[in-house]
Amino acid sequence: MLWRGRRQSDNIEDERSDSGGGLGGGLGGSPGQFRIPIGGRAGGGSSIILVILVVLAGWYFGFDPSQILGDGSGGLVPGGGGQITDNSGAQDSTGAPASDEMKQFVATVLAETEDTWTGIFKANGLTYEDPKLVLFSGQIRSACGFASSAAGPFYCPGDHKVYLDMTFFQQLDQQFGASGEFARAYVIAHEVGHHVQNLTGIMQKFNQMRQSMGEAEANQMSVRVELQADCFAGVWAHYTAQKGILEQGDMESALNAAKQIGDDTLQKKMQGYVVPESFNHGTSAQRQTWLARGYKSGKLSDCDTFNNPV
Ligand SMILES: [Zn+2]
């Protein structure tokens, strides 16, 4: 992608140096918030207790941690398997100059999504509101609760922010076999796709419907939400291609990323077998299909994953 020299978004919130600072400080920071007493660094056992406490705190304060739209493979914290990465106090490697170029890339892709979606909304008589993109390292508090970078990038409908630990890009490359700049752009565009769903009310409807659903049914609905975000990422790529800034192989690398992070491919890789009832993002084939579909036409009407077979 020919991104250098193009506009960079102002909507980046760089919390990389703050977010590694630990759960205790974050939770205790705001008056009226639930304070978790932590003596020193959390070890293995206390991490589990911490996860339970955080989940309880989430319920207590009326936000639902499960409403985060997480897009990694590691599940979510809280509630997602106890993966708290205990790097409290560590100012880790992501603040190095090498990541500044990556930050510029992220800011440029975000700006491109702002321009594209502003135009699409305008054409439909609507006003697009830019999301913020929070860069963090290790763990972060959002309006949706705490998340660890192990959970992957996510969008929180409650605060209209995309959360990204850029080390996910390395994971994408090295662990998932999805390399290339445009694979990364696709990840950002997918999260922005969730923001579009939030602005258009699709997400609220989904969350309402989910309340009366069993787990299997909710997973199926989640797949439709995720595939639509993929399709919206494709719509964005369509307009980006029209600007003449896509390079040979860009779309292929995004499609490969969609394949590598499909539920079936991920489960095969991580546990050796698949459990289709647990799929909540879509199979590799589905993700590629919907990304390609949005890319081909650039039309939102081609992204109706709710009234079409997926
Ligand atoms: Zn998603």
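Among contacts in the chain between residues at least 6 apart in sequence, 76% join residues at least 24 apart; contact here means heavy atoms within 4.5 Å. The chain has eleven helices and seven strands, where helices (H or I, at least four residues) and strands (E, at least two) are DSSP runs numbered from the N terminus. Of its 310 residues, 49% count as buried, and the cut-offs are under 20% relative accessible area for buried, over 50% for exposed and in between for partly exposed (1.4 Å probe, protein chains only).

This is a predicted model, in which local features need pLDDT of at least 70 and side-chain atom pairs count only at pLDDT 80 or more, while totals for chains, interfaces and linings use all residues. Residues are numbered from 1 along each chain as its sequence is written, and side-chain values use heavy atoms, with hydrogens and water left out.

**Helix H8**

- Let us start with helix H8, which covers residues 215-242 and has 28 residues.
- From its first C-alpha to its last, H8 reaches 41 Å, close to the 40 Å expected at 1.5 Å a residue; the expected span is 1.5 Å times one less than the number of residues.
- H8 is largely enclosed by the rest of the structure, because 20 of its 28 residues are buried.
- After H8 comes Gly-244, with a positive phi near 80°.

- An α-helix has 3.6 residues a turn, so residues three or four places apart point the same way.

- A search of the whole structure finds two disulfides, each a pair of cysteine sulfur atoms within 2.5 Å.
- One of them joins Cys-144 to Cys-156, with an S to S distance of 2.1 Å.
- Cys-144 lies in the loop between strand E4 (139-142) and strand E5 (145-148), and Cys-156 lies in strand E6 (residues 154-156), so this pair ties together parts that are twelve residues apart in sequence.
- The torsion about the S-S bond of Cys-144 and Cys-156 is about 95°, so this disulfide is right-handed.
- Cys-144 and Cys-156 are both buried.
- A disulfide is also formed by Cys-231 and Cys-303, whose sulfur atoms are 2.0 Å apart.
- That pair links distant parts of the chain, 72 residues apart: Cys-231 is in helix H8, and Cys-303 is in the segment after helix H11 (284-297).
- The S-S torsion of Cys-231 and Cys-303 is about -75°, so their disulfide is left-handed.
- Cys-231 is buried at 0% relative accessibility, and Cys-303 is buried at 0% as well.
- With the bonded cysteines numbered in sequence order, the pairing is 1-2, 3-4.

**Where H8 meets H11**

- Two packed helices are described by the angle between their axes and the distance between the axes.
- H8 and H11 pack at an angle of about 35°, their axes 6 Å apart; axes are lines fitted to C-alpha atoms, for helices over the stretch in contact, and angles run from 0 to 180 degrees between N-to-C directions.
- The residues that meet include Asp-230, Cys-231 and Gly-234 in H8, and Trp-290, Leu-291 and Tyr-295 in H11.
- Leu-291 is buried, with a relative accessible area of 1%.
- The C-alpha atoms of Leu-291 and Asp-230 are separated by 4.9 Å, although these residues are 61 residues apart along the chain.

- Most residues other than glycine have a negative phi.
- His-160 is not a glycine, yet its phi is positive, about 60°.
- His-160 lies in the loop between E6 and strand E7 (161-164), and is partly exposed, with a relative accessible area of 23%.
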